[in-house]
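Please read the following report alongside the model, following each residue by its number and chain letter. The text moves from the arrangement of the chains to their contacts, and then to selected local features.

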Protein chains: 2
Amino acid sequence: MLEIRPVVHILGWIACATAGVLCLPAVADLAAGNPEWHAFFTTTIAAACVGATLVLATQSERGHEKFNVRQAFLVTTLGWVTVCLLASLPFLFTGSSFTDSVFETMSAITTTGSTVLTNLETLPPGILLWRAMLQWVGGVGIIAIAILILPLLRVGGMQLFKIESSDTSEEKLYTAALTIGNVFVIYSLLTLACAALYFVCGMNEFDALTHAMTTISTGGYSTHDASFAYFDSQSLQWVATVFMISGAVPFMLYIKAVRGNFDALVTDQQVRGFIIFLATSSVLMAIWLINQRDISFFEALTLTSFNITSIVTTTGFASDDYTAWGPGAVGVFLVLMFVGGCSGSTAGAIKIYRLQIVIEIVRAHIKRLFSPNRILTLRHNGRPLPKDVPFSVLAFLTVFIATIAAFTVLLSLMGLDIVTAYSASVTAITNVGPGIGSVVGPSGNFATLPDGAKWVLTLAMLAGRLEVLALLVTLDPDFWRD
Amino acid sequence: MLEIRPVVHILGWIACATAGVLCLPAVADLAAGNPEWHAFFTTTIAAACVGATLVLATQSERGHEKFNVRQAFLVTTLGWVTVCLLASLPFLFTGSSFTDSVFETMSAITTTGSTVLTNLETLPPGILLWRAMLQWVGGVGIIAIAILILPLLRVGGMQLFKIESSDTSEEKLYTAALTIGNVFVIYSLLTLACAALYFVCGMNEFDALTHAMTTISTGGYSTHDASFAYFDSQSLQWVATVFMISGAVPFMLYIKAVRGNFDALVTDQQVRGFIIFLATSSVLMAIWLINQRDISFFEALTLTSFNITSIVTTTGFASDDYTAWGPGAVGVFLVLMFVGGCSGSTAGAIKIYRLQIVIEIVRAHIKRLFSPNRILTLRHNGRPLPKDVPFSVLAFLTVFIATIAAFTVLLSLMGLDIVTAYSASVTAITNVGPGIGSVVGPSGNFATLPDGAKWVLTLAMLAGRLEVLALLVTLDPDFWRD
């Protein structure tokens, strides 16, 4: 049997950390005299009790814990579940059903951004702040996991991004702590800069802060039902476009840039591909849009840049119902959902480096079909790819697509029409947020879905955030054997 | 530059063979006094002239030709185009537009079965016979290519099915000719058996013959707009189910069975998986169906067995509008389209052996994620997989899915709604026939699609029939260089 004591021990610490985060809205609401402070206060106590119990019950005499690969997978998966269950309590205490509370929380911490809450403007500000905070924390959480853990677990080709560190475990721990510290500072500074610019461009303090949190985390929760269309401001859309991109590039490159290697950020193959892809598709779509509507090219480019960046970075803000731009736009946006941002960022979906590697693989594969004796070296960022990366990337893609198919069938068996079932499945697994159609589309709301479908989508969002494979390993009976 | 003389030489012979096939309806129509005999007669002359010219113009002094890999790819691709262009002339001469003629012919020879012809009952019998003949010839053509050529070209893991033969090229040629001869005899006998049973169960001679041809070839063209629903007969549906399956199992196993190794057919992992899959999904869907409608379990099982087998074997007959069985059924049928029959048969799509190999790959990949040092041997049919097969299969799947995405976007840019665009793209590339929705669904007709969409789908059907990769190689500039 797999030893789960050290796993539970870490989960206890994660619960304690959740309690720490919950303090903030509790204190803020109490200070502002909002009545929902007790919801946060109760949850803080609950989380702290759960956390302390788990930590104490699983205390070891050995000093700091050493994990094997399977325990690391388990912590990664159950960590999200623990946070989700505890962080959903404030929603439950302020009137949402259990299903809705868990759905909304999972959507928040996985930075998906699909919502079941309606009439956002009438909700207590504490709840709106909590949704934004959850996305913000979820965002920095996934960056940490993507930089430190997934490369070691070799999930979906992530071994490509292993940090070189010295051999002693003390130094490894030091490097890891330093990296996470740096990421946290950069992430916070980007959020403050974004909030300041939102404020300058016309948002009030509250909207500026909450939207900055959900922009950098590429989460996409808004405080208004109409999302960014509410503000009707071109300058706000451009600020959002820039900061959604900033949340979707590899945070390791920021660290390198701060340490003086600014070149790394500019010459990185993934970042370049990402920017070129966004620019090209925004311009092409803007040309399509001015043929559909009587607007200027700049207006069109603002709309397309914002909404395309929002989908590709898996944020999910909308400044317009792009599914009303004609059938061609629907087809394009459905494919854009799969793209994703860069590795080691807050973005979900397939991600640019995998697409670049797949293009390399397919080109080489085709050449070898007609010239069997040709020797070809696959490269990424100028360096030859490690031997197991191409296979890992292809296996990831296969599992990713198969998972979407399975969830589509499940949802359609629950009575959802095929467009809703398919696009909801895609948008959940890619952690984008909105799908296609009147229910889950950019101008719809997930509230009217049956409860069963909400649970299926909750699982799909978690699967997507864990690159599917990190969740799938736990379903193999061998995983639990000794 | 790639030498194309021997390629054109073979294309000339293919054109001559097409002329030979065209003789049959010409003579039959003349004998029956049908006025459209001249359409076939003119086409026969045209095909013979084109063929003879190409053959003579590219005659070599070297005796029999030796092909390199690239020339083999080119013959395979252009062979279909040559047959398609020549065989479309009878449609053109009897009133169809050029676009419709080429679409209908490509749909026929690739055994897809999507149709742009309406009011089938009013069409001249010669044309109905021609459609069925084209599917029948296309079916035996793809079996020959899948047994002899694709394994040598290592397309999508087909190297797994290389026939062991001796080393001298004379004996190789002899083995190949013998194999094709055997396949042809078995294919013809199955067709006759099917026609006889159709006749016994109530079809007239003409319907029995044409439907037998389009059943064994898993093509799916009917002589009635309502397809199998026209006959309203349970026994006919069961006959069709059995013979659709017989056309979708590996023909090499029939040859082995005839040579006394009957075991091969029964114990083959692919065939077992195929039958178990069909049986399980038919029974489960029948249970679903009796909950939706007031019919007996046997009635439901007849409907589900027939329609599921029709989709999975990529035939495309319909005995009912299964898209009206509720959203769950739509989701299931959309996924079933991807499955396909066995290798070396007339079926298209992904195919059972690839799905079985993918499941092996993913299981092993997951186990290696949490036990990195584990050594696992992938097997198929009891034997270890050749080293390059898993990668080939994954690369095939990736290209297959990406091609469907690309065609979906293209079709939606032409104004098709997303369900029509997506399902038409899937059904064309998998060579199934019907899609989802009122236009391309089982009770719809492709006639009303814009011409551009018909050309896109014509290309998609060809791509699907050539396992996508055999067409893609010709797009690489290196393919044409020396």
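What follows is a description of a predicted model, taken up topic by topic.

## Arrangement of the two chains

## Salt bridges within and between chains

Side chains of opposite charge can pair when their charged atoms come close. Over all chains, the count of salt bridges comes to 20.

| Pair | N to O distance |
|---|---|
| Lys367(A) and Asp478(B) | 3.0 Å |
| Asp320(B) and Arg293(B) | 3.1 Å |
| Asp478(B) and Arg481(B) | 2.3 Å |

Which two chains does the salt bridge between Lys367(A) and Asp478(B) bring together, and where do its partners lie? Lys367(A) meets Asp478(B) through its side chain, and because Lys367(A) belongs to helix H15 of chain A whereas Asp478(B) belongs to helix H20 (residues 477-480) of chain B, the pair joins two chains. Lys367(A) has a relative accessibility of 16% and therefore counts as buried, and Asp478(B), at 17%, likewise counts as buried; the limit that applies here is under 20% relative accessible area.

Asp478(B) also forms a salt bridge with Arg481(B), a residue that counts as partly exposed at 48% relative accessibility. These residues belong to a network of salt bridges in which Lys367(A), Arg374(A), Asp476(B), Asp478(B) and Arg481(B) are linked.

The side chains of Asp320(B) and Arg293(B) meet in another salt bridge. Asp320(B) lies in the loop between H13 and helix H14 (327-336) of chain B, while Arg293(B) lies in the loop between helix H12 (269-290) and H13 of that chain, so the pair ties together parts that are 27 residues apart in sequence. Asp320(B) is partly exposed, with a relative accessible area of 22%, and Arg293(B) also counts as partly exposed, at 31% relative accessibility.

In chain A, helix H13 (residues 297-312) has 16 residues and reaches 21 Å from its first C-alpha to its last, a span close to the 22 Å expected at 1.5 Å a residue. Because 13 of the 16 residues of H13(A) are buried, this helix is largely enclosed by the rest of the structure. Just after H13(A), Thr314(A) takes a positive phi of about 60°.

In chain B, helix H13 (residues 297-312) likewise has 16 residues and reaches 21 Å between its first and last C-alpha, close to the expected 22 Å. Here, too, 13 of the 16 residues of H13(B) are buried, so the helix is largely enclosed by the rest of the structure.

## Other residues of note

Two further residues have a positive phi without being glycine. Ala349(A) has a phi near 65°; it lies in the loop between helix H14 (327-336) and helix H15 (352-370) of chain A, and at 4% relative accessibility Ala349(A) counts as buried. Asn381(B) has a positive phi of about 55° and is placed in the loop between strand E1 (379-380) and strand E2 (383-384) of chain B, where, at 37% relative accessibility, Asn381(B) counts as partly exposed.

Thr210(A) is found in helix H8 (residues 205-216) of chain A and counts as buried at 2% relative accessibility. Leaving aside its neighbours within four places in sequence, Thr210(A) is in contact with Leu128(A), Leu129(A), Ala132(A) and Thr223(A).

On the surface, Leu85(A), Leu92(A), Phe93(A), Phe98(A) and Trp455(A) form a nonpolar patch whose accessible area is together about 460 Å². Among these residues, Phe93(A) is in helix H4 (residues 89-93) of chain A and, at 40% relative accessibility, counts as partly exposed.

Technical notes:
Residues numbered from 1 in each chain as written. Chains lettered and ligands numbered in written order. Predicted model: local features only at pLDDT ≥ 70, side-chain atom pairs only at ≥ 80, totals over all residues. Heavy atoms only, no water. Helix = DSSP H or I, 4+ residues; strand = E, 2+ residues; numbered from the N terminus. Expected span 1.5 Å × (residues − 1). Buried < 20%, exposed > 50% of the residue type's maximum accessible area, 1.4 Å probe, protein only. Patch = residues over 30% accessible without salt bridge, like charges linked within 9 Å, V, L, I, M, F, W, Y side chains within 5 Å. Areas by Shrake-Rupley, 256 points an atom, 1.4 Å probe, with all protein chains shown as cover. Salt bridge = Lys/Arg side-chain N within 4 Å of Asp/Glu carboxyl O. Contact = heavy atoms within 4.5 Å.
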